Number of protein chains: 2
Amino acid sequence: MYSLKEQEALIMRAICNLRFVKEPAGLYEPLEYMMSIGGKRLRPRLCLATYNLYSDDIGDNIISPALALEIFHNFTLLHDDIMDRAETRRGQLTVCKKWNDNVAILSGDVMCILAYKYLTACPAGVQPQVLELFSRMGAEVCEGQQYDMEFESQPIVTSDEYINMIGLKTAALLACSAKMGAIIAGAPQTQADALYDFGWQIGLAFQISDDYLDTFGDPHVFGKKIGGDILCGKKTWLLVETIKRTAGASRQRLNEILAMGEDRAEEKIAAMQQLYIDLDVKQDAIKAIEAYHEKAMECLAGKGFTPAQLESLKEFSTSLVHRED
Amino acid sequence: MYSLKEQEALIMRAICNLRFVKEPAGLYEPLEYMMSIGGKRLRPRLCLATYNLYSDDIGDNIISPALALEIFHNFTLLHDDIMDRAETRRGQLTVCKKWNDNVAILSGDVMCILAYKYLTACPAGVQPQVLELFSRMGAEVCEGQQYDMEFESQPIVTSDEYINMIGLKTAALLACSAKMGAIIAGAPQTQADALYDFGWQIGLAFQISDDYLDTFGDPHVFGKKIGGDILCGKKTWLLVETIKRTAGASRQRLNEILAMGEDRAEEKIAAMQQLYIDLDVKQDAIKAIEAYHEKAMECLAGKGFTPAQLESLKEFSTSLVHRED
């Protein structure tokens, strides 16, 4: 088994070597741009990590499908940025801002198609299973994005609705990544299924930690401004919990903060942070992340994984959940 | 072998029976709407027709992949309508107009993914080949759309550029449809390849006849207003040929017509129709359609098709090329 660092290096190199340069340039340049502006490449790394639990024979059969996950992920980001009217991503201009919406729509479309193309490098014997898994995930991610958009105009979102939404929008892709590596390596079905559930729980923990870092992260490490979610009134884990925990005077205070305009940005962020602390939402977010992480590990129990395999998965999930950026 | 009418009935019934109703409704309703507003269903019909050259055993193995082609086609239309700011399609409001752009983006995305999902109903043994074919086609359609958009701001488009563009945007999908049916039926590779080339040439003929009908069709039969392409200055086969054939005074006349504003719509259409007639572009369009049709049939020669198979393909292509709507 390779170390997580070695796995990461393999994925980073494969992404560096990706070449889409083709005519028409107007279609493929935005795609190269989007793939080049970074990110942690978690999904292909998770896919390679679960493959590597079973096989050290790392070739195009696993690297290309792993890249398919990253290409698909970037396709969804590209289209999300149009829908959210986002101007920057990872400190760079979004495709819809650097070019325009039409370019972003069409370049995104071709990325979705190329993701499937890369997927077909997997062994023919598992291709039907991989494709079904991938397509189910793809539809789920769209469903999650739809709910996320609907939440914007919904005054109250319950915890169940929130967990369902991030399950579809974020966890489904991590679950698919984890299971796909196992399927391609020829893992036993029960272990592949357990890795799917593991990936799903890790995905929930990951998204809640994303919400947490956006409000309480270290601005020097996090890489983007703290408080973005607060300013746009995003229904995060923190806000959904706060809605649940407030009534009467505290609900009034929450509504006052939510109503603060752009001219009071700093004040709004500080007030919301304080409210999260006062209501124990901050510390409970950390507990929730840890609880989903534990649940993820429990999904693997009694499925016949070796201690070395469990250790490797624990290391991966810990790095993902206890990240600071 | 079933008659073309019977094949059409099978496809129409399968499309009627398509059900996407799922949560969230905001995502799947636009998709059902788009699939329900009609069209000739040419791509699944062509796919079924080539399958039926080899096999009468028509089940989900061919119907679902045939539907995948129609779903994919409608996905591209849905996104094209956003990019073109189109308000109506087939006499109904477009999804981006009836709902909004974000809905159209996301519903289109899920259609692309569902197209792949339907594709996976094909026999496992041919799945890698079918997927590669489909993904290549998908990328080509995006490339064609990109060129088409670029042509809008390009004063001169050559015939070669035009044929390349419609090849990618329109013919690639018909070529894929024709080959896919054959592959799924287990046809010999040379015949599957010949059907691809046949579909490509038919696609070119089809697009030129589309351009022709938009300007010279019978408004009672065509189903949409005549002259739409002229009014928006679209680089059609007719206009590209006219650019090629004009110089000096005739080029000046062309530019005068192109410069006519919205307030002179009727006059602009009539003047351009007359110019097409004067320059023999109208009659040459009909010749070009027939030439591509002949070329399509030539692609099939010497490949071992039986007279009955050739007859069936000829009947299909003739109905497609000599259509009036």
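Angles under 35 degrees between axes count as roughly parallel, over 145 as roughly antiparallel, 65 to 115 as roughly perpendicular and the rest as oblique. The axes themselves are lines fitted to C-alpha atoms, for helices over the stretch in contact, and the angles run from 0 to 180 degrees between N-to-C directions. The structure is a predicted model, in which local features need pLDDT of at least 70 and side-chain atom pairs count only at pLDDT 80 or more, while totals for chains, interfaces and linings use all residues. Residues are numbered from 1 along each chain as its sequence is written, and chains are lettered from A, with ligands numbered from 1, in the order in which they are written.

**Exercise 1. Classify the packing of helix 1 and helix 3 of chain A, and list the residues that make the contact.**

Solution. Helices (H or I, at least four residues) and strands (E, at least two) are DSSP runs, numbered from the N terminus. Helix 1 of chain A spans residues 4–17 and helix 3 of chain A spans residues 42–52, and their axes come within 9 Å and cross at roughly 125°. The two helices are therefore oblique to each other. Helix 1 of chain A passes helix 3 of chain A in a right-handed crossing (left-handed if the near helix is turned anticlockwise from the far one by less than a right angle, right-handed if clockwise). Two residues are in contact if their C-beta atoms, placed from the backbone, lie within 7 Å. On this criterion Leu4(A), Gln7(A), Glu8(A), Leu10(A) and Ile11(A) of helix 1 meet Pro44(A), Arg45(A), Leu48(A), Ala49(A) and Asn52(A) of helix 3. By class, the contact of helix 1 with helix 3 holds six nonpolar, two polar and two charged residues, where Ala, Val, Leu, Ile, Met, Phe, Trp, Tyr, Cys and Pro count as nonpolar, Asp, Glu, Lys and Arg as charged, and the others, Gly among them, as polar.

**Exercise 2. Repeat the analysis for helix 2 and helix 6 of chain A.**

Solution. Helix 2 and helix 6 of chain A pack at an angle of about 75°, with their axes 9 Å apart. Helix 2 and helix 6 of chain A are therefore roughly perpendicular to each other. From helix 2 come Gly26(A), Leu27(A), Pro30(A) and Leu31(A), and these meet Val103(A), Ala104(A), Leu106(A), Ser107(A), Val110(A) and Met111(A) of helix 6. The residues of this contact divide into eight nonpolar, two polar and no charged.

**Exercise 3. Describe the side of chain A that touches chain B.**

Solution. Begin with the count: 32 residues of chain A are in contact with 32 residues of chain B. The largest share, 14 residues, comes from helix 7 of chain A. By class, the residues of this side of chain A divide into 18 nonpolar, nine polar and five charged.

**Exercise 4. Determine whether Leu114(A) is buried or exposed, and find which residues it touches.**

Solution. A residue is buried if 20 or more other C-beta atoms lie within 10 Å of its own, exposed if 12 or fewer, and partly exposed in between. Leu114(A), whose place is in helix 6 of chain A, has 23 other C-beta atoms within 10 Å and is therefore buried. Not counting residues up to four places away in sequence, Leu114(A) touches Ile71(A) and Ala139(B). The C-alpha atoms of Leu114(A) and Phe72(A), 42 residues apart along the chain, are separated by 8.3 Å.

**Exercise 5. Examine the backbone at Pro24(A), Arg41(B) and Arg85(B).**

Solution. Most residues other than glycine have a negative phi, and most peptide bonds are trans. The peptide bond from Glu23(A) to Pro24(A) is cis, with omega near -10°, and Pro24(A) is found in the loop between helix 1 and helix 2 of chain A. Phi of Arg41(B), a residue other than glycine, is positive, near 55°; Arg41(B) lies in the loop between helix 2 and helix 3 of chain B, and with 19 other C-beta atoms within 10 Å it is partly exposed. Arg85(B), which is not a glycine, has a positive phi of about 55°. The place of Arg85(B) is in the loop between helix 4 and strand 1 of chain B, and with 11 other C-beta atoms within 10 Å Arg85(B) is exposed.
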